[in-house]
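Subject: Handover of a structure and notes on its contents

Dear colleague,

Please find below the structure that I am handing over to you. My notes on what was found in it follow directly after.

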Amino acid sequence: MFGIPNAIAMLDRVDTFKPPVCIFSIYTFADMWRYFDRGLHSILLNYIYIPIGGSRCGTFRQLIGSLLCFIFVFYWHGLEEHIFYWALFNWVGVVIETIVNQVSKTEKAKSFKLNLSGASLRRVTAVFSVPGYIALSLANLLFLSGISMGYIYFERLIITSFPIGPLVLLLLYYCMIQLILECHRICGKKYFCEKKYY
């Protein structure tokens, strides 16, 4: 519940979910789903993901649970073609982030991270996060604008303007991630993601 319904609920002393975070303070699919629509996230987590097994029953059950969540999201938002692709892109993004997270917990990855300075680790994090952040942005544009506009964005930003357009896009998104990471460093990620607006 956002806006006026949330204000009315607060007047009646009804606890509601926090409003969505500013999308410019998150750059991963997982955080977008965790902090944007907190009510939907709670439903997905408590009634689909955890009953399937969640992350406690292994990676395979985690991936199946997330797939079922996105099938529900597709149904919930409307059984339209652009919603299907949006949900699919989001699921693939969450899967890739899950796999990368699992790889980053290996001994080889941990020793690699230990050999980097804090600034270098942040640069590496930003570089590897750029493709996912671009995909997240394009997926959300697809959700908001539909298939035809999503195709136009993709064609003009990636295909038609190649190679300059994609390079500028990569640099822009790298700088945006660095800005987000700096805000998280100064204020803490919790400040942005758990912030109450009342």
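Which helices each supply at least two residues of the lining of the largest pocket? They are helix H2 (29-35), helix H3 (38-52), helix H4 (59-77), helix H5 (81-104), helix H6 (107-114), H7 and helix H9 (164-187). Please keep in mind throughout that this is a predicted model.

The chain as a whole

The protein chain has 10 helices and 0 strands. Read from the N terminus, its elements therefore follow the order α-α-α-α-α-α-α-α-α-α. Along the principal axes, the C-alpha atoms occupy a box of roughly 50 × 40 × 35 Å. The chain has 198 residues, and 32% of them count as buried.

Of its 20 lining residues, Ile23, Met32, Phe36, Asn140 and Leu144 lie nearest its centre. Two or more residues of this lining come from each of H2, H5, H7 and H9. Here the largest share belongs to H7, which contributes 7 residues. The lining of the second largest pocket divides into 15 nonpolar, 4 polar and 1 charged residues.

The packing of H7 and H8

Helix H7 (residues 118-145) also packs with helix H8 (residues 147-160), at an angle of about 145 degrees and with the axes 7 Å apart. The crossing of these two helices is right-handed. On the side of H7, the contact is made by Leu138, Leu141, Leu142 and Ser145, while H8 brings Ile147, Met149, Gly150, Tyr153, Phe154 and Leu157. By class, the residues of this contact are 8 nonpolar, 2 polar and no charged.

Two features of the backbone

Most residues other than glycine have a negative phi, and most peptide bonds are trans. Arg13 has a positive phi of about 60 degrees, although it is not a glycine. Arg13 is in the loop between helix H1 (3-11) and H2. Its relative accessibility is 76%, so Arg13 counts as exposed. The other place is the peptide bond from Phe162 to Pro163, which is cis, with omega near 5 degrees. Pro163 is found in the loop between H8 and H9.

Individual residues

Is Arg38 buried or exposed? Arg38, which lies in helix H3, has a relative accessibility of 9%; because this is under 20%, Arg38 counts as buried. Not counting residues up to four places away in sequence, Arg38 touches Phe17, Lys18, Pro19, Pro20, Val21, Cys193 and Glu194.

Cys22 lies in the loop between H1 and H2. With a relative accessibility of 42%, Cys22 counts as partly exposed, because this value falls between the limits of 20% and 50%. Which distance separates the C-alpha atoms of Cys22 and Cys193? Although these two residues are 171 residues apart along the chain, their C-alpha atoms are separated by 8.4 Å.

Leu116 is placed in the loop between H6 and H7. Leu116 is partly exposed, with a relative accessible area of 25%. Leaving aside neighbours within four places in sequence, Leu116 is in contact with Leu121 and Val124. The C-alpha atoms of Leu116 and Phe17 are separated by 39 Å, and these residues are 99 residues apart along the chain.

With kind regards

Key: Residues numbered from 1 in each chain as written. Predicted model: local features only at pLDDT ≥ 70, side-chain atom pairs only at ≥ 80, totals over all residues. Heavy atoms only, no water. Axes fitted to C-alpha atoms, helices over the stretch in contact; angles between N-to-C directions. Helix = DSSP H or I, 4+ residues; strand = E, 2+ residues; numbered from the N terminus. Left-handed = near helix turned anticlockwise from the far one by under 90°. Contact = heavy atoms within 4.5 Å. Nonpolar A, V, L, I, M, F, W, Y, C, P; charged D, E, K, R; others polar. 1 Å grid on protein atoms, 1.4 Å probe; cavity = no way out; pocket = protein on both sides within 12 Å on 5 of 7 lines; lining within 4 Å. Buried < 20%, exposed > 50% of the residue type's maximum accessible area, 1.4 Å probe, protein only.
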